Amino acid sequence: MRKNAEKTEHSMLSNMLYFMKLLYSVSPLLVIGECIWGVFLTLPTKLVSVLGIKLILDIVESGENLRRIYYVVAGIAALLIVSRTIAWLFREFFWNAERENVYRGLNRKLYEKTISLDLESYDNPEFYNNFILTIESSSDSIQNMLGLVSRYIGDLVSLITISSILFAIDPVCLLIILVFVGVFTPLSKKIGRLQMERRRENTKYHRRSDYFQRIFYLQDYAKEVRMNGISPILMSRYNDAADDVVENQRKYWSRISVNYFIQEFGVQLLGFMFVLPMYLGYCVLVKKSLSAGDFVATFNGAYAVATSVNFLTVWALAVFEEQGRMIEKYREFLKCEHAITDGEHEAECAKPEEIEIKNLSFTYAGSDHAVLSDINLTIKPYEKIALVGYNGAGKTTLTNLLLRLYDPTQGDILIGGKSIKEETVKSHRNRFSAVFQDFQLFSCSVGENVALDINPDEERVLEALSHSGFSKKLPKGIDTEMLREFSDEGIMTSGGEAQKVAIARAFYKKCPYVILDEPSANLDPVAEYNLNQAMLEAAKDKTVIFISHRLSTTINADRIYVMENGRITECGSHAELMEKNGTYAYMFNLQAEKYRK
């Protein structure tokens, strides 16, 4: 994966609009409904605290037709009931289901992008960390962003509405409120910044706790934890991690508390409990320009305006900034460019053709050490080729280049005289069946695991399983589920059985070339022998390239290539290489000696 030439940082507003536009493209109704929901949830309560109480006090003060109080109370109750009912109906009957659709829509974008990633992306630690963070936090980002926008719009509408009411009652009251809120807003920003710093540091420490959580509940660690003395060490490390969280809370507690006290003293006590009441009392008792209802409405409105301004200018912006950084990673991930691109032709998945590797060299990104250096070899149609050598010699890297999971740093690979870069990536890879050393089984049916297709051919699946030596009972035939993520009745397999299912994929797929990376690593000697015989029989009309550290599997290969330090050092049949008495003969005799002993 190649990133854009220039890494661009977008503004917080740009990231917010980008993400909302993305959400809107998946579910317009959810975005619009969320904004309206925020208004229904926030505005009615604040209106009641300002206008509702004012109306009741004005009626009492006038002493005329006190029955109107019942109508006002009924109207307030109706407003609250209707607004809350609409908000509840939206949340229960639309929001929950539609939110899952949004999760699905955005996760599909992420997964589709992930499928197209070059393996080079996984070799870049910074990009890979951001990639994992993007995948894991996508659902949280959606919910947090919708919640923030909903509340922001609700508070913005409330601020405008309540400020208009206060301005109509007495502009000076509104001015006093805004002055005190404005004077202490920088302190609110400082508090918000400290809280965000505390949250970020807590997140770092909580990741350590997550590590211990995995250790103690995952089966992978169960035997090791129970069979050795690691438990005291783990508990000690866990206590240290928990102490760090507590210490971090203490570090920020005093700083936040002092600033919060000063802010509350200035805004609430000095502003709203002294200056504002003194002015209102003067207007009510001396000037007689305000009624008792105006007094209460203004007093309640002051609190509503203060909380809205504080949220809109401090807390929300701080959280928006944090979300903006997450969305920036999201944007970078979705806009990354491919290093491995399609050629102009569609490769034919027909009979095997000659494979020619010319002057091939390869260095992983970020490394100055060449894994492969000047590799030249030719593989004839239908040949069975073995790649052997010590760990790290470059065998798997060579097959990855052949599959075009990477592109070479220098040199080229030709099939039938045509560079593989001239073919589309998908059509080129369709010519190969590959069983990797670190193979994976998927939580789906046995048939789908073998065919790697949603419509497996039952006869071919069973034949492929038979060739691989798989003999485990399948209660529902090829429809038997593997693993238990989606079915409690899914079958679990040993390492050897799982490898046989993976090997069956090579027998199932109709293609001219097969690559097997350590195909018998988890098999017992009998299963290994049977596999070799079945592979030679089933793959007689294919070109086969296999990597093996068990040199007993290489005896029947047409040619064996010995690799050392990224170079081919020996080539020939088993008999020829044994006669040369070089590296291959040494490795073979070393293994054979163990069996003889």
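Predicted model: local features only at pLDDT ≥ 70, side-chain atom pairs only at ≥ 80, totals over all residues.
## The largest pocket

The largest pocket holds about 1800 Å³ of space. Its lining counts 40 residues. Nearest the centre lie Leu 405, Arg 429, Phe 436, Phe 442 and Leu 452. By class, the lining has 20 nonpolar residues, 10 polar ones and 10 charged ones.

Which elements each supply at least two residues of this lining? They are α3 (68–115), α10 (395–402), α11 (425–429), β6 (432–435), α12 (446–451) and α14 (495–508). Strand β6 gives the largest share, with four residues.

## A nonpolar surface patch

Phe 265 belongs to helix α8, which covers residues 230–286. Phe 265 has a relative accessible area of 41% and is partly exposed.

## Salt bridges

The structure holds 12 salt bridges. One of them joins Glu 112 and Arg 108, with N to O at 3.2 Å. Both residues sit in helix α3. They are four residues apart, about one turn of the helix. Glu 112 is partly exposed, at 44% relative accessible area.

Glu 383 and Arg 559 form another salt bridge, and their closest N and O atoms are 2.5 Å apart. Glu 383 lies in the loop between β2 (370–379) and β3 (384–389), while Arg 559 is in strand β9 (residues 559–564), so the pair ties together parts 176 residues apart in sequence. Are these two partners buried or exposed? Glu 383 counts as buried, at 14% relative accessibility. Arg 559 is buried too, with a relative accessible area of 18%. The cut-off for buried is under 20%.

Glu 423 meets Lys 418 in a salt bridge, side chain to side chain, at 4.0 Å from N to O. Glu 423 counts as buried, because its relative accessibility is 4%. Lys 418 counts as partly exposed, at 31%.

Salt bridges also build a network. Its members are Lys 46, Arg 151 and Asp 155.

## Contacts across the sequence

Ala 316 has its place in helix α9, residues 292–334. Ala 316 is buried, with a relative accessible area of 0%.

A second pair is Ile 491 and Leu 474. These two are 17 residues apart in sequence, and their C-alpha atoms are 8.3 Å apart in space. Ile 491 is found in the loop between α13 (458–468) and α14. Ile 491 is buried, at 9% relative accessible area. Helix α14, at one end of that loop, also supplies at least two residues of the pocket lining.

Conventions. Residues numbered from 1 in each chain as written. Heavy atoms only, no water. 1 Å grid on protein atoms, 1.4 Å probe; cavity = no way out; pocket = protein on both sides within 12 Å on 5 of 7 lines; lining within 4 Å. Points joined across faces, edges and corners; volume = space filled by probe spheres on them. Nonpolar A, V, L, I, M, F, W, Y, C, P; charged D, E, K, R; others polar. Buried < 20%, exposed > 50% of the residue type's maximum accessible area, 1.4 Å probe, protein only.
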